[in-house]
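I opened the notebook to record what I looked up in this entry, with the cut-offs beside each term.

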Amino acid sequence: LDPSNRDMQDSEGDAVRPQPDLLKLLHTAGAKGDTFTLKQVMYFLGQYIMVKQLYDKQQQHIVHCGTDELGKLLGITTFSVKDPSPLYEMLKKNLHKISC
Ligand SMILES: C[C@@H](c1ccc(Cl)cc1)n1cnc(-c2ccccc2)c1-c1c(C(=O)NCCN2CCN(C3CCCCC3)CC2)[nH]c2cc(Cl)ccc12
């Protein structure tokens with residue numbers, strides 16, 4: 001997690017409510033309920049990539065999501081887990097922060 005995303009890291013513990021499309025992916029990965037912490041969202045997205053076998057077997061930091069729901073959400077076909085910026089862009093659009 002690069003320091004430029006301070007707001008993301010600071011708000012790791014806050015409750016967020018994913019939009020329906022993102023929520024569907026999290027449930028596919030075994031998540032329960034409709035509110036999570038950012039940490040949990042990241043964990044379940046990681047599980048989703050594993051379950052759907054979207055990562056490149058040779059270069060395991062590359063994720064091929066062009067033919068998957070995840071790709072539609074991210075608006076890209078491939079990304080590296082070493083450059084999380086497209087991910088944070090998607091999460092900003094698809095996570096509603098709950099200020100409880
Ligand atoms: C540091 C962390 C990360 C977390 C956030 C970001 Cl924005 C980048 C990177 N990370 C490092 N590699 C992965 C990864 C790589 C390939 C397949 C699945 C996960 C992850 C991701 C996790 C995660 O919760 N990771 C737990 C430990 N990972 C180690 C790698 N493991 C490998 C096991 C062998 C096969 C390849 C994955 C899986 C569990 N959640 C993610 C969600 C997405 Cl949208 C993208 C990537 C990840």
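My entries on the model follow.

**Conventions.** I am working with a predicted model, in which local features need pLDDT of at least 70 and side-chain atom pairs count only at pLDDT 80 or more, while totals for chains, interfaces and linings use all residues. I number residues from 1 along each chain as its sequence is written, and I take side-chain values from heavy atoms, with hydrogens and water left out.

**Overall make-up.** I looked up the secondary structure and found 5 helices and 5 strands in the protein, where helices (H or I, at least four residues) and strands (E, at least two) are DSSP runs numbered from the N terminus. Read from the N terminus on, the elements run α-β-α-β-α-β-α-β-α-β. I noted that buried residues make up 39% of the 100 residues; buried means under 20% relative accessible area, exposed over 50%, and partly exposed in between, with a 1.4 Å probe and protein chains only. The protein exposes about 6000 Å², of which carbon and sulfur atoms supply 54%; the areas come from the Shrake-Rupley method with a 1.4 Å probe, and for residues only the protein chains shown count as cover. Among contacts between residues at least 6 apart in sequence, 41% join residues at least 24 apart, a contact being heavy atoms within 4.5 Å.

Strand 1 (residues 15-18) is joined to strand 5 by 3 bridges, and I found Arg-17 opposite His-96 and Pro-18 with Leu-95 as its bridge partner. On the other pairing, strand 1 and strand 2 share 2 bridges, also in the antiparallel sense, with Ala-15 opposite Thr-37.

**Helix 2 against helix 3.** Helix 2 (residues 20-28) packs with helix 3 at an angle of about 65 degrees, the axes being 8 Å apart. The two helices are therefore roughly perpendicular to each other, given that angles under 35 degrees count as roughly parallel, over 145 as roughly antiparallel, 65 to 115 as roughly perpendicular and the rest as oblique. Helix 2 passes helix 3 in a left-handed crossing; a crossing is left-handed if the near helix is turned anticlockwise from the far one by less than a right angle, and right-handed if clockwise. Leu-22, Leu-25, Leu-26 and Thr-28 of helix 2 meet Val-41, Phe-44, Leu-45 and Tyr-48 of helix 3.

I stopped at Leu-26, which counts as buried because its relative accessibility is 0%. Leaving aside neighbours within four places in sequence, Leu-26 contacts Pro-18, Ala-31, Phe-36, Val-41, Phe-44 and Leu-45.

**Helix 3 against helix 5.** The axes of helix 3 and helix 5 come within 13 Å and cross at roughly 120 degrees, which makes helix 3 oblique to helix 5. I recorded this crossing as right-handed, with the contact made by Leu-38, Val-41, Met-42 and Leu-45 of helix 3 and Leu-87, Met-90 and Leu-91 of helix 5.

Which phi does Gln-53 have? Gln-53 has a positive phi of about 55 degrees although it is not a glycine. Most residues other than glycine have a negative phi. I placed Gln-53 in the loop between helix 3 (38-51) and strand 3 (62-64), and Gln-53 counts as partly exposed because its relative accessibility is 44%.

Terms used:
Pairing = 2+ DSSP bridges. Axes fitted to C-alpha atoms, helices over the stretch in contact; angles between N-to-C directions.
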